[in-house]
Amino acid sequence: TLQGTLIAGCGASSTARTIELGLLARDAGAQALLVVNPPYNKPTPAGLLAHYRAVAKATALPLIAYNVPGRTGANLPVDVVIELAKEGTIIGIKEASGSIEQMTEICLRAPSGFVVLSGEDSLVLPAMSLGATGVVSVAGNAVPKKMLAITDGVRNGNFSAARSAQFAVFPLVKALFSESNPIPVKALLRELRIIESDAVRLPLLVAANDTRAQLLAAMG
């Protein structure tokens, strides 16, 4: 289980920089690392194996792979995930490919104890029905109780309640991805007075007025 574990995101376009960031995170108190495929480079499966092994060896921290091909340009193949899982290089994965087929195969083939987390707020229920244990959520920053209703429903065997909760949060999830994450969620958190500023760094820009209106409408 990862409950209570301080996990630091650690990703860069080179393995060396990823290790550098991982060591900084470790020294700051991180207990595990969330490691993304190096963006832009599109490494081969062999290159991905070498990347995760190098980061694990250098940082000596548990690794959670983060598969988000829409941002990195490279999918983390299931065979690579399973090989890294079986050898203990990674202890889990945040799966955000959006592919239920890939999620199914990972859950089917992963060794016992391997943690599979949905990286898509709109797919929490189907992911958990296949064996995922939870979600790394964007919406959960603004509406944690609504996201918890989905995961609790599945854990309690009440799939009807989980489905209702998934449907209820769906309009907000769509609104939160109407612009590139984290633009909308920062705008919403500011509207909710959870944070003081929704500033983002270039090349991102703050949310458009239409996006803000869509977010507030989805919140009801």
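Me: Which handedness does the β-α-β unit of β2, helix α2 and β3 have?
Reply: In this predicted model, β2 and strand β3 (residues 63–67) pair in the parallel sense over four bridges. V35 stands opposite A65 of β3 in this pairing. Together with helix α2 (residues 45–59), β2 and β3 form a β-α-β unit that is right-handed.

Me: Through which helix does the chain cross from β1 to β2?
Reply: Strand β1 (residues 7–10) is paired with β2 in the parallel sense, over four bridges, and A8 stands opposite L33 in β2. The chain makes a right-handed β-α-β crossover between β1 and β2, and the helix it passes through, residues 15–27, is α1.

Me: Why is strand β2 described as largely enclosed by the rest of the structure?
Reply: In a regular strand, side chains alternate between the two faces of the sheet. In β2, L33 and V35 point one way and A32, L34 and V36 the other, and all are buried. Strand β2 (residues 32–36) is largely enclosed by the rest of the structure because the number of its five residues that are buried is five.

Me: How many nonpolar, polar and charged residues make up the contact of α8 with α9?
Reply: The axes of helix α8 (residues 159–176) and helix α9 (residues 183–191) come within 8 Å and cross at roughly 115°. L172, A175 and L176 of α8 make the contact with P184, V185 and L188 of α9. By class, the residues of this contact comprise no charged, no polar and six nonpolar.

Conventions
Residues numbered from 1 in each chain as written. Predicted model: local features only at pLDDT ≥ 70, side-chain atom pairs only at ≥ 80, totals over all residues. Heavy atoms only, no water. Buried < 20%, exposed > 50% of the residue type's maximum accessible area, 1.4 Å probe, protein only. Helix = DSSP H or I, 4+ residues; strand = E, 2+ residues; numbered from the N terminus. Pairing = 2+ DSSP bridges. Right-handed = clockwise from strand over helix to strand, strands pointing away. Axes fitted to C-alpha atoms, helices over the stretch in contact; angles between N-to-C directions. Contact = heavy atoms within 4.5 Å. Nonpolar A, V, L, I, M, F, W, Y, C, P; charged D, E, K, R; others polar.
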